[in-house]
Amino acid sequence: MSFAEKALSRLEFWGLLAASALLMAWYAYPQLLFALYPPYELVRMLIPGWLPDLAPAASSIVNLPDPPR
Amino acid sequence: MSAPELALRLGAWLIGTVFVLALAALIHRQLPLGRPALSAASLFLLVTFLTTLFVFLVGLLGLLRADSLAVIGFGGLVLMAAIPAWRRSLLQIPRDFSALVHDLRRFWSSLPRWLQAFSAAAILVSVLRFAFLIWALPPFVWDSLTYHLTNVAHWTQVGKIELFDTPVLRIYTPANYEVLATWFTVFLHHDAFVEAAGLPAYLLALVAVYACARSLGCSRPASWMGAMAYASTPALLLATTGTKNDPHIAAYYLTSLALLLDLAGKRRAADPRQSLSSLFLLAVTLLLAAGTKAYIAHLLPGLALIALLTPGMRRALPHWRERLAEAAAAWGSLGAWTRRSLALLLLGAVLLGGYWNVRNWVLTGNPFYPYGVNIEGTPIFSEGERTARLNFARLAENLERLAHKFGDAAGPIEPDLPETTGWGWFFYGLGLASLVWALLSRRSFPPLAFGFLLSLLVLMLSIRPSPFNMRYLLWLPAAASLAYACWLDDLPSRPRVLPIVARVAFSAALALNLAMTLNYNRVSLDRFGLVLERPLWERQAALLKLNMPSEYEHAILFAPAGEPLGYNVGSNGFIYPLFRADYQQRLVYVPVGAFDDCGYIAARMRERGTRYLFVAEGHTPGQIISRVRACAQEGDSLAEESRGLYVIDVGR
């Protein structure tokens, strides 16, 4: 394999990995919110008035759609 | 259940299982495929198919009881041992088993050390997770409680596969999954292990993805990593123990793909019988799928495209003609007994594939009852409570909804997949990037990707746009897993940090997938605690208050199990929990109109042989609940026994 081919191959690998990292970060944001929302609510309940109410922003978590048909 | 009774029931289950496994091994020997991965997939497929066929035939004969199944199974084993050719074949099973162990060892030793350790941990965690969820929780997924398990409960209770009077008309839909699920209830006459009915599909899908990757030319470690990545898909993990039929369709789609890729990729089979075996198993798989859920028909154009594109468009016709000629020649070379046995099996597959639709056609004039069929505004079959539409407006709407669900940002992933795809960390992270790479860099990949895309588009032409329709796409993440497997083999080994980074990313994505599906994202720890306080045999779907109105709990507590219980729910109401976990509660549907006279309602109940009438908020139409309540308040004919439970002839 020539030097250029090797370099391209590495570039391909790192490019794919960078794309994966970006996609995972994009995917991670809401997933972390879903994971953190219940403990956040618990802390908000324990220290009333200190933390903002995120329920409207997280309404999709608490208001599920109608049952499946 | 007393210990001796439990032992007898488990013994019956063991005999039935040995019979099915022996039969599967016999047939498996007649269907050589030449490749260990495909051979393993075919064994899983045969076991699933034969179990379904066994229960189906016995169920149609009205012999669906533990003792009958054990007697038939034992008789079958004796018969197999009595026929010399079969006995010789049976005696080869230990040798086949040794060969299987040898193949497994070869496979395992081909994996690098880190992957062996990771796989062992992943398998252990998965086994524990599946076992715990099956053991701990009763069924709770919506569609299961309305119609999938309602069929299972009725058949288990009466010992026969039959239709029955109920307002939930979806019990008419093709029900091969329900037949297989009955295998997990009939022996114990209990639903403690019914969630395990998805495991055969899960394993089949896993092996099928591995076989597909091998057909694409991937190495063993890369194929295994692709298969594990697919197996970690949250939507699949949640659906497997969710008592729904979608994992089965995904497994049958991927098995068909594995068989097609093998057939399409071969220049010439070393043994013509391999072509016959692949084509035979392909027919069995698709027929089994046709009797499981109708949307397999929408996925077929994608498979057909893969079959055309993989050998090359120009070569496709001669290639497939050659495969068919090989299969025909191999069929001619088989002995009379083998030919008859395979023909009988194919007949069984035709029966499983066509029975439900033919029955519906005979009874209602519409094979797809209760779905009417409408293509681009033209009604093809109009009979039905709901309509399956095929049009381009629906495609646009479904794609728009898919775009909204893409990324799973609308809510946590749950078994019903509300507004989410459920494809998880691996798909959105490594999978998507690998897909783009494979499309641009791997010649063998575009035909596969176009096939998946066509299956997706045809499906989207017809499925009802709803928050929950991603369950039909459980097979799709396999494309990304296969792309990833292809990419792994092109990974440069220097500098050494590259493979290490790739391993870490892979392990992290799979671990996150598993972490987000540990408890369905629905069941709080408190709820788990409450369920686990009850002994296994007393855990009831009606008592799991996730989506269950309290009326169901009252029915279990206050309606006598020895008397038939009348019920009235709408077309999407829960029926299954009323049967109780041990299927002891007889149910009768009592039709009630919103303006019926109270005396007339009571007369209806007497006519149907019940003193009790069950209704529930959210499951019975509100007007009917109001009417029944009003009758109870008048007090002449009905009295309220407890919330949602009404009784006549109180003093009897």
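This briefing walks through selected helices, contacts and backbone features of the structure above. The model is predicted.

**Helix α9 of chain B**

- Helix α9 of chain B covers residues 199-215, which makes 17 residues.
- Among the buried residues are Leu204(B), Leu206(B), Val207(B), Val209(B) and Cys212(B).
- Two tyrosines, Tyr202(B) and Tyr210(B), are buried there too.
- Gly217(B) follows α9(B) and has a positive phi, near 95°.

**Helix α12 against helix α13, chain B**

- Helix α12 (residues 246-265) packs on helix α13 (residues 272-290) in chain B, at an angle of about 160°.
- The axes of these two helices are 9 Å apart.
- Angles over 145 degrees count as roughly antiparallel, so α12(B) is roughly antiparallel to α13(B).
- The crossing of α12(B) and α13(B) is left-handed.
- From α12(B), the contact includes Ile249(B), Tyr252(B), Ser256(B), Leu259(B) and Leu263(B).
- From α13(B), the contact includes Ser275(B), Leu279(B), Leu282(B), Leu286(B) and Ala289(B).
- By class, the residues of this contact are eleven nonpolar, five polar and one charged.
- An α-helix has 3.6 residues a turn, so residues three or four places apart point the same way.

**A closer look at Leu286(B)**

- Leu286(B) lies in helix α13 of chain B.
- A relative accessible area of 24% makes Leu286(B) partly exposed, because buried means under 20%.
- Leu286(B) touches Ser256(B), Leu300(B) and Leu303(B), leaving aside residues up to four places away in sequence.
- Tyr253(B) is 33 residues from Leu286(B) in sequence, while their C-alpha atoms are 7.9 Å apart in space.

**Helix α2 against helix α12, chain B**

- Helix α2 of chain B covers residues 36-60, and its axis comes within 11 Å of the axis of α12(B).
- The two axes cross at roughly 140°, and α2(B) and α12(B) are therefore oblique to each other.
- This crossing is left-handed.
- Leu38(B), Leu45(B) and Thr48(B) of α2(B) meet Tyr252(B), Ala258(B), Leu259(B) and Asp262(B) of α12(B).
- The contact of α2(B) with α12(B) has five nonpolar residues, one polar and one charged.
- Tyr252(B), Leu259(B) and Asp262(B) of α12(B) also take part in the contact with α13(B).

**Backbone features in the loops of chain B**

- The peptide bond from Tyr369(B) to Pro370(B) is cis, with omega near 10°.
- Pro370(B) sits in the loop between α16 (336-364) and β1 (371-375) of chain B.
- Asp408(B) has a positive phi of about 55°, although it is not a glycine.
- Asp408(B) belongs to the loop between α17 (392-405) and α18 (424-441) of chain B.
- Asp408(B) is buried, with a relative accessible area of 0%.
- Leu417(B) has a positive phi of about 55°, and it is not a glycine.
- Leu417(B) lies in the loop between α17 and α18 of chain B.
- Leu417(B) counts as buried, at 2% relative accessibility.

- Gln31(A) is found in helix α1 (residues 3-46) of chain A.
- Gln31(A) is buried, with a relative accessible area of 8%.
- Leaving aside residues up to four places away in sequence, Gln31(A) touches Gly407(B), Asp408(B), Trp425(B) and Met516(B).

Conventions:
Residues numbered from 1 in each chain as written. Chains lettered and ligands numbered in written order. Predicted model: local features only at pLDDT ≥ 70, side-chain atom pairs only at ≥ 80, totals over all residues. Heavy atoms only, no water. Helix = DSSP H or I, 4+ residues; strand = E, 2+ residues; numbered from the N terminus. Buried < 20%, exposed > 50% of the residue type's maximum accessible area, 1.4 Å probe, protein only. Contact = heavy atoms within 4.5 Å. Axes fitted to C-alpha atoms, helices over the stretch in contact; angles between N-to-C directions. Parallel < 35°, antiparallel > 145°, perpendicular 65-115°, else oblique. Left-handed = near helix turned anticlockwise from the far one by under 90°. Nonpolar A, V, L, I, M, F, W, Y, C, P; charged D, E, K, R; others polar. Expected span 1.5 Å × (residues − 1).
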